Amino acid sequence: MNRTLYGNLIFELSKKGRKGYSLPQNYDRTHSTSELPEALRRGEAARLPECDELTVVRHYTNLSHNNFGVNDGFYPLGSCTMKYNPVINEEIAAMKAFAGLHPLQPAETCQGALEVYYNLQQSLAELAGLSEFTLNPCAGAHGELTGLMVIRAYHESRSDESRTKVLIPDSAHGTNPASAAICGLEVVEVKSLPDGTVDVEHLSQLLDEAGSQVAAMMMTNPNTLGIFEPRVLEITEMVHKAGGLMYYDGANLNALLGECRPGDMGFDVMHINLHKTFATPHGGGGPGSGPVGVRKGLEPFLPTPRVVFNEKDKLFCVNTAATPLATTAHDDSADASALGSVGSFLGNFGVMLKAYAYILTLGRENVKNVGPLATLNANYIKERLRDDYLLPIEGLCKHEVVFDGLADKSTDVTTMDVAKRLLDYGYHAPTIYFPLLFHESLMIEPTENESKETIDAFIDVMHTIANEAKSDPELVKTAPHNTPIGRVDDVLAAKHPVTTYWKSLEG
Amino acid sequence: MFKYFPHTEEDLGAMLKTIGVNSVHDLFADVPEAARFRRDYDLPQALSETDLRLFFEQLTDPIETQQLTCFAGAGCYDHYAPSIVQNIIQRSEFLTSYTPYQAEISQGTLHYIFEYQSMIAELTGMDISNASMYDGATATAEAAMMAWSNAKKATRVLVSDTVDPKVRRVVETYAHFHGFPIQLVPAENGITSRAALDKELSEGGVAGVILQQPNYYGIVEDFTGIADAVHAQKGILVINANPSDLAILKTPGEWGADVAVGEGQSLGIPMTFGGPGVGFMACTEKLIRKMPGRIVGQTLDSRGQRAFVLTLQAREQHIRRQKATSNICSNQSLMALYVTIYLAVMGKEGLREAAEMSYAGAHSLCDKLLGTGRFKLTYPGQPFFNEFCVDYDGDLDALLAFATECGYLAGVKVGEHTLMLAVTEQRTPEEIDGLTDILTRQQ
């Protein structure tokens with residue numbers, strides 16, 4: 001990464017009359033858009049840049065030098081599973097035969113693509129210990145929403161309309177309650193114990209009070225503190241007994257690969273973040289892919305389109321089954337079990353190709369080591385940093401570890417300061433101020449790809465920063481110093497939103 | 001040893017010793033025995049890189065995955081993208097980074113998102129754009145929820161029957177679970193029925209109206225007066241637009257829309273079997289705090305430099321939890337980068353030229369098909385852009401199967417006798433003649 005700011009915007013490099021493209025000129029010009037009535041045409045041409053090709057190439061190359069990715073260095077961002085994104089997977093996803101495939105091409109002409117799709121569904125089901133998966137959802141939060149829709153569709157099909165509540169631990173990711181609200185469900189928080197795990201007595205009380213109104217309970221396990229919920233079997237049993245379903249937020253699935261499956265813990269519905277556990281690149285925030293799996297019996301509630309294997313013809317096919325969605329829960333004229341659709345086509349196929357290539361590369365002999373090695377790295381960091389950083393909860397962690405800021409609270413150096421100082425040393429910061437259970441949360445997730453040397457070097461820097469916090473707190477509090485820009489004025493950005501170049505010209 | 005795991009036996013020993021356990025499996029001692037997975041996964045054995053490549057090459061041989069000359073659209077288009085788009089996308093600084101939470105080391109991502117937002121706002125004629133959404137269908141569903149939450153007293157959201165049925169189905173699915181009714185406004189000769197729309201509006205209680213331009217059938221509808229009628233009822237107007245056509249067509253902003261949404265795949269993103277694409281959403285300044293998704297804003301850093309940062313996060317799930325405007329946390333950042341580079345290199349003239357060529361190609365194909373006497377326009381007299389519907393009296397399935405045999409994806413069947421064809425600047429005059437020939441050769 002370059003330490004000075006490049007800073008230009010493409011609009012500032014534009015010069016009237018320049019061109020960066022070439023298109024064929026030998027086309028039939030009998031018709032042109034001037035035939036369209038004027039009322040249907042835009043008044044003025046869009047103010048897009050006018051640049052030659054090299055200017056555009058240099059501009060985005062220079063911008064990339066102000067960015068930090070996994071390939072640049074250690075990226076211990078908790079809860080985000082910043083694995084290595086294998087290069088070969090990019091090559092496969094870019095293959096012309098896949099990249100040029102129209103989604104409505106007849107199934108018999110794209111069996112290869114459908115086979116990948118189908119096999120990925122099957123592989124995820126095996127890894128999760130569930131019956132079937134849909135690959136339609138485009139991201140983790142999209143998967144959560146889809147999974148909750150499945151749960152509601154299930155209750156609707158049984159005329160169990162009073163189930164409108166979702167139990168969510170107070171330690172959950174913010175997407176859990178947000179997805180529940182978007183799905184029309186009411187959020188009921190389940191308290192955590194001081195050790196960060198679910199307060200089973202509180203859960204029991206909530207189920208006693210309103211068990212018949214509970215649609216589901218959402219859980220992340222290991223939870224957002226990186227701790228395995230020791231009473232998970234009891235919890236799933238209690239919720240099932242009350243008639244609710246168990247939803248597994250797959251954000252932290254990486255820890256369990258090889259050791260434990262959500263289906264075996266009693267979960268009924270879950271999503272997997274292919275961009276976390278299955279090594280597809282995060283791309284600066286997307287595209288992801290959030291497949292949703294269900295236990296046996298819930299398959300009819302998955303969204304369409306679905307890819308199925310037709311045993312009779314030995315063909316993979318796309319089942320769109322565009323049954324009209326029941327507008328009321330018991331409209332007999334419609335198939336009440338049809339959930340509907342959550343996207344136009346089959347989902348982010350390009351991402352699926354990368355995930356499937358990753359699974360094939362690891363194979364059965366290596367997949368099982370993912371969870372143990374990720375967990376080894378996290379526990380090693382936990383043991384080696386607990387002298388200088390406050391470890392709020394004792395015991396084993398899984399794939400990530402949460403500290404509550406610096407151990408020495410006599411300095412006023414915050415978690416934010418530590419995070420910013422890490423940038424100076426060439427590391428991405430851990431996740432900060434989440435989970436909300438602690439004031440100074442610092443959440444570190446190393447992943448299985450990091451070597452002992454990388455982790456030792458990181459630990460040394462964390463110790464250096466802890467020392468700096470005592471010897472020269474100002475240095476840490478004003479960090480970063482070696483990055484293209486210093487700390488930004490968030491208040492200015494929010495108070496007077498300037499979100500386009502055009503607005504910035506207004507001054 | 002395995003290429004993605006760097007741990008040697010020596011490393012393992014030292015690390016386990018520091019932790020104070022004997023084996024990595026002891027790190028799972030807190031997992032109840034009944035939940036432990038004690039066998040091997042039923043998955044294939046590991047493939048070397050050579051074998052992996054071979055595996056996918058076999059799946060993409062012409063028998064398994066046939067490359068057809070594409071005249072299909074219906075929401076996914078075979079447009080040209082300059083070579084530099086795919087090349088820059090692969091830069092690992094962009095590809096392997098996360099959401100730009102740490103602005104100091106993410107100015108690359110934040111800059112291009114700011115450029116993307118500026119370009120989308122300009123193309124759609126709206127004030128602001130978010131940093132992107134999953135796809136056009138979910139962006140439309142999010143707009144429907146925005147309309148619903150914005151309304152004080154409303155009973156429904158209206159969706160035109162000329163909106164892509166796949167998009168409608170997603171909107172209906174979201175609305176059903178979120179808890180508000182969707183009402184369909186019928187179509188007449190391929191366009192939204194104004195009489196039916198006016199009647200619905202006059203009855204009141206409309207939170208929003210969703211239209212598509214060009215509509216599902218490729219027709220450019222005249223929306224004159226609709227925005228005023230919707231606003232008079234305190235509803236908001238949502239227009240789902242195809243952004244590549246906005247080089248030429250009247251913008252959602254010019255039509256008076258409050259929210260513009262759509263699928264951005266036509267701006268430089270390969271079809272890849274339908275995903276990933278990118279949804280866009282732009283709106284008026286008034287609605288900025290109701291908008292879902294990430295937004296990048298301009299600010300200053302501690303050294304006085306212009307800098308960019310994620311802003312207005314008080315709308316979002318990680319702050320607001322169940323009170324957030326949406327559950328969305330990611331965007332489609334890398335896909336927004338495709339769009340940004342595409343628009344930067346095609347620029348003002350290139351986007352217009354590609355749109356002109358697509359228009360000219362579609363009308364040329366249409367003339368030729370009608371000239372054979374075997375096809376007639378499904379919606380005669382309606383202006384269309386680069387996609388249109390024709391009726392065919394014969395066996396349409398057999399005709400399409402024959403075209404496939406000849407290497408052509410002749411379009412999308414949208415009715416028993418109706419074929420919808422799309423033409424982009426990628427289709428050569430020879431291919432247009434070739435398709436015409438094939439579609440008339442079949443008896």
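## Worked exercises: domains, a helix and a sheet

The C-alpha centres of domain 1 and domain 3 of chain A are 47 Å apart, with domain bounds taken from an automatic or database domain assignment. This is a predicted model: local features need pLDDT of at least 70, side-chain atom pairs count only at pLDDT 80 or more, and totals for chains, interfaces and linings use all residues. Residues are numbered from 1 along each chain as its sequence is written, while chains are lettered from A and ligands numbered from 1 in the order in which they are written.

**Exercise 1.** Work out how the two domains of chain B meet.

*Step 1.* Start with the bounds: domain 1 of chain B takes in 69–80 + 348–441, and domain 2 covers 83–341. Their C-alpha centres lie 28 Å apart.

*Step 2.* Now look at the contacts (C-beta atoms, placed from the backbone, within 7 Å). Here 19 residues of domain 1 of chain B touch 20 residues of domain 2 of chain B.

*Step 3.* Ask who supplies the domain 1 side. Both α12 (333–371) and β14 (387–392) of chain B give at least two residues to it, and α12(B) gives the most, with 4 residues. Helices here are DSSP runs of H or I with at least four residues, strands are runs of E with at least two, and both are numbered from the N terminus.

**Exercise 2.** Describe helix α5 of chain B, from its length to what comes after it.

*Step 1.* α5(B) runs over residues 107–124, 18 residues in total, and spans 25 Å from first C-alpha to last, close to the expected 26 Å. That expectation is 1.5 Å times one less than the number of residues.

*Step 2.* Check the cover: 18 of its 18 residues are buried, meaning 20 or more other C-beta atoms, placed from the backbone, lie within 10 Å of a residue's own.

**Exercise 3.** Find the strand order of the open sheet of 4 strands in chain B, and say why β13 and β16 each have a side without a neighbour.

*Step 1.* The order is β13-β14-β17-β16, with antiparallel pairing; a pair needs at least two DSSP bridges.

*Step 2.* β13 (375–377) and β16 (412–415) of chain B are at the edges with a single partner strand each, so one side of each has no neighbour in the sheet.

*Step 3.* β16(B) pairs with β17 (residues 418–422) of chain B over 3 bridges, in the antiparallel sense, and B:Lys413 sits opposite B:Leu419 in β17(B).

Note on methods. A residue is buried if 20 or more other C-beta atoms lie within 10 Å of its own, exposed if 12 or fewer, and partly exposed in between; C-beta atoms are placed from the backbone.
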